[in-house]
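Colleague: I have not looked at this one before. Can you walk me through some of its details?

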Amino acid sequence: MDLAPVVETLQATLSPQLRKQAEEKLAQICKTTGFVPCLVQIILNDQCDMGARQAGAIYLKNHINTYWSDYNDLKATTDSDIITLANAVNVNINKAAGDNTQKFFVISDPDKEYLRNIIIDAVIRTKDPLRCQLITAAGTMIKNDFPSKWSQFINQIHTCLSTDNIAACESALLIFYTLVQHYEYKKMEDRGPMDDVMFVILPLLHQRFMQLFAHNDSDQSALIQKQILKIFHAYTQLHLSFRVLPTQTMATWLDTCCAVIERRLPERLDALDEDDRAEHPWWKCKKWALHILIRTFERHGAPANLPKGQPPDRVEFANFYLKGFSGKVISLVFGILEAYRQKIYLSPRVTQLSLNYLRESVRHAFSWKIMQNNIIVLIQDVIYPLLCINDDDIELFNEEPIEFVRARLDVLDEYVSPVSAAELFLSEAVAKRKDVLMKTVSFLGTIIHNDTITIKQKDGILHMLGVIGNILIKKKAFANQLENMIVQYLFPELQSSTAFLRARACYAIRNFSKLEYTNNDNSVRCLTYLINCLCNDTSLPVKVEAAMALNLFMSDTDTGEKGKAIIIPHLQIIVMRIIEIIRQTEIDDVMIVLQKIVGLFDQELQPIAVQMTSQLVEFFKHVVCSENTSNDESKAEERTVAAMGVLNTLDTIVSCMGEKPELLAQIEQIIYEAIVLVLRDGILDFYEEILTLIDTLTINTVSPLMWQVFYLIKEAFFRDAADYFAEIMNCLHNYVVNDTPSFLSQPDRIETVFGMCKHVIVNDLGEDSEAHAAKLIEVIILQCQDNMSAALPAIVQLIAQRFQREIVTSELRLMLIQVFIVILWLNPDRFFQTLNTVAANDPSTQSTIANFFNQWMTDCELFAGIHDRRVSALGLCTLLRIDSKYYSAISNLVPKILPNCIHIYQGLMKTYQHNNDDDSDDDTDNDDDSVPSEIDDGEDENIQHEDDFLEKLKGKLNKLFDFKDNP
């Protein structure tokens, strides 16, 4: 294939004016044999324009991702988890492969073979940004071809790793990592090919690592060492193959990780800025070495962490690690943290991972004994300084408060931040090991009574109190002191002149929300201070912390009139301040507070319900418009979550105002704008929430405005919302049931709903959606009855035709049968006349119709739930009193009718009893808010294992299915 026109077309894709035409041309030529080699040659040609080369690399990656797999040769899955799940829900996962008659384009075999032979060399010869695209393409190839169709892959990798070419080694490792990632989360029994590869490659990787470790301190050497550690971590983090890594071999790798942690880094790194230093490959080597040691410890290296019934080699290794290796690592970790104590630079991730290792050590008696003598020094000189606010945070707090709040509430922070690691370590240590809490409180006392305490140190004290607050209130030894401590040390800081101390005091006090005050005046003061911080403070982070604290206090006072009495006079301004915060920050965490307030104070909020709704809808519209123009994916995701929270809050408002029709009408008018925006513009991200909101708006009555929404639902369904039919069905059910006269007043409405149901059933949108469609048809027949005469032949024909295709789930089959049953029950004469008419007009349905009664009798035992059993029972009773002229159609069923009646009625009685028992259980359920209990210094933590949990869950499921099978 000539390169010049392809290069020209790739260059044209970079021009907005020419892009569409160029993409269409590429779509035509990409299916030509030789296209893949042509792209590779362009990518590797240094004489070509870099823009064209980069466009070619991206196109090659996408082309391989789309057209590499042979969809025409799909094999049935062999994944046992998928098979088990499919069997549990009666889904035939092999159906698609057999029914697939459409042929899809696939990259030709010569092009595939060419790429397999050259891709590794191509990665070696290129640099980023070209290289990263090629590595991704190689990952797709590995996923589909290894090992059966790319057997030479390992030889190619082995050759590159064996050479002295360090660049080739690095590129080979990057590609090899994609293979390891492919097997990283597979079950042990599915990792055979990976184990076979690692049996050969791991010794070579270790050899290369040690050569570089000893003789090469270049940055490229650090990159390769880091990549080898990443590969080892990905291979071992879930499963250890003792065939590949017997205990002694594993010990060698762990020693290597210890050596990496202990190694002094090149002095040239000291000249770098701290941010650049943290991202340097040398520091990342330490990070990945710690990752390996932590994961080995918590997953494989402690007997208490192993599920029951483990093979001897796993138990042997766990004992080896805990008793023969953990002490060495703990010493190294304390050495790392000693550098932090001495104000020597330590990267944030290394600090965080070091604390995570010690947190795991707290749980085990053997490792706890090693570290317990150093625990107070650790808390005083590492944990406490980390929990004190630093200059960067103060600057962010003052200069960019919104970003400070976002960082404070970032859920990913727990996995990367040393501050979060310090919080988690402290919480774990004081909860699980005796005397640690007392020693920590004593330390805090010495600091807080120091006359020279700085505001940063005071922040650290408040931070630590917040971390241990939930544990303190559970301890009898502190029960009589906590109220006085809060009054003496926290209340004053809620009025501090320093804004970040006010915010920290709000954070701390929310963790004492379950404390029962002996002096009611103190309880009043606490709520009053929080309300003041939320409503009158000028600092956004203070308002956010106050709102989140108030949220927990409301949870504990929702049945106490005194607490509500304090909040109610300020309720309107509280709500408005929270809405302001939501509009400023666009985060969901504060939205939860608003939802709770609406739920608790629905009566009191009626005067401002319309104003609340208006502001929330305006915010929603703003967020949706901002999403469309935002280039920051993370912020766009945060806005999406915030917008979903708005819709959920609106749903709560509507639910609470349902008994005020005048108010609800105004609210509905405002919400209509959001509904139109989502459904008319096809904003799929919000379909589920907006349909839930429509469901709530129509749950009792259907207004003329909501009938306009009916047609918006219709437009959206036939455009792009068919996949949301389960949610749409709830709305349509409301239209049919709650305003039947209006539904019947316009013939197009019945046609619309039936058209949607037919579309779902005919176009095979999934049996769950089809079952919902059949259910909706049943509801319409029951609700409209005499008005359905003209539609019955079409309904019967639709159901009969669906029976002719394979039905996998019993749920769908039973729903289709129920449609026939309700027609029979309502009017037997019309039922049989309709069957005869349909069978005469559509001969293909005759066998299905004839078999209906037999299928019904066979499936009688499967009907579950009160409604479905009632329908079946009514149908059976109808057969018992049927006109003699229809005896011939059911003569062979007569012996089965009474036994099935008895079975159905017995099932109904047991279902009623079961529901009553469930209600009793709900009344006695209590939430368990207890903190982890202390464990003796000579004991390991009693750990709930995943396998043990699954066994318990399996037992509960067996009981459930036993009830369903024997109701």
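Modeller: We can take a helix pair, then some backbone details, then charged side chains.

Colleague: What kind of model is it, and how are residues numbered?

Modeller: This is a predicted model, in which local features need pLDDT of at least 70 and side-chain atom pairs count only at pLDDT 80 or more, while totals for chains, interfaces and linings use all residues. Residues are numbered from 1 along each chain as its sequence is written, and side-chain values use heavy atoms, with hydrogens and water left out.

Colleague: Helices, then. At what angle do α28 and α31 cross?

Modeller: Roughly 50°, and the axes of α28 (residues 520–536) and α31 (residues 571–585) come within 9 Å. Axes here are lines fitted to C-alpha atoms, for helices over the stretch in contact, with angles from 0 to 180 degrees between N-to-C directions. Helices are DSSP runs of H or I with at least four residues, numbered from the N terminus.

Colleague: What does that angle make α28 relative to α31?

Modeller: Oblique. Angles under 35 degrees count as roughly parallel, over 145 as roughly antiparallel, 65 to 115 as roughly perpendicular, and the rest as oblique.

Colleague: Which residues make the contact?

Modeller: From α28 they are I531, L534 and C535, and from α31 they are I573, I574, R577, I578 and I581. Contact means heavy atoms within 4.5 Å. Seven of the contact residues are nonpolar, none is polar and one is charged.

Colleague: Changing topic. Is R116 buried or exposed?

Modeller: R116 is buried, at a relative accessible area of 7%. Buried means under 20%, exposed over 50%, and partly exposed in between, using a 1.4 Å probe and protein chains only. R116 sits in helix α7 (residues 109–125). Leaving aside residues up to four places away in sequence, R116 touches W68, M141, D145, K149, W150, Q152 and Q156.

Colleague: Which loop holds E586, and what about its phi?

Modeller: E586 is in the loop between α31 and α32. Its phi is positive, about 55°, although E586 is not a glycine. E586 is buried, with a relative accessible area of 7%. D764 also has a positive phi, near 55°, but D764 is partly exposed at 42%.

Colleague: How many salt bridges are there?

Modeller: The search of the whole structure finds 33. A salt bridge is a side-chain nitrogen of Lys or Arg within 4 Å of a carboxyl oxygen of Asp or Glu.

Colleague: What is the partner of R504?

Modeller: D459, with the closest N and O atoms 2.8 Å apart. The pair links distant parts of the chain, with R504 in α27 and D459 in α25, 45 residues apart. Both R504 and D459 are buried.

Colleague: And which residue does R406 pair with?

Modeller: R406 pairs with E403, at 3.9 Å from N to O. Both lie in helix α22, three residues apart, about one turn of the helix. R406 counts as buried at 13%, whereas E403 is partly exposed at 28%.

Methods
Helix = DSSP H or I, 4+ residues; strand = E, 2+ residues; numbered from the N terminus. Nonpolar A, V, L, I, M, F, W, Y, C, P; charged D, E, K, R; others polar.
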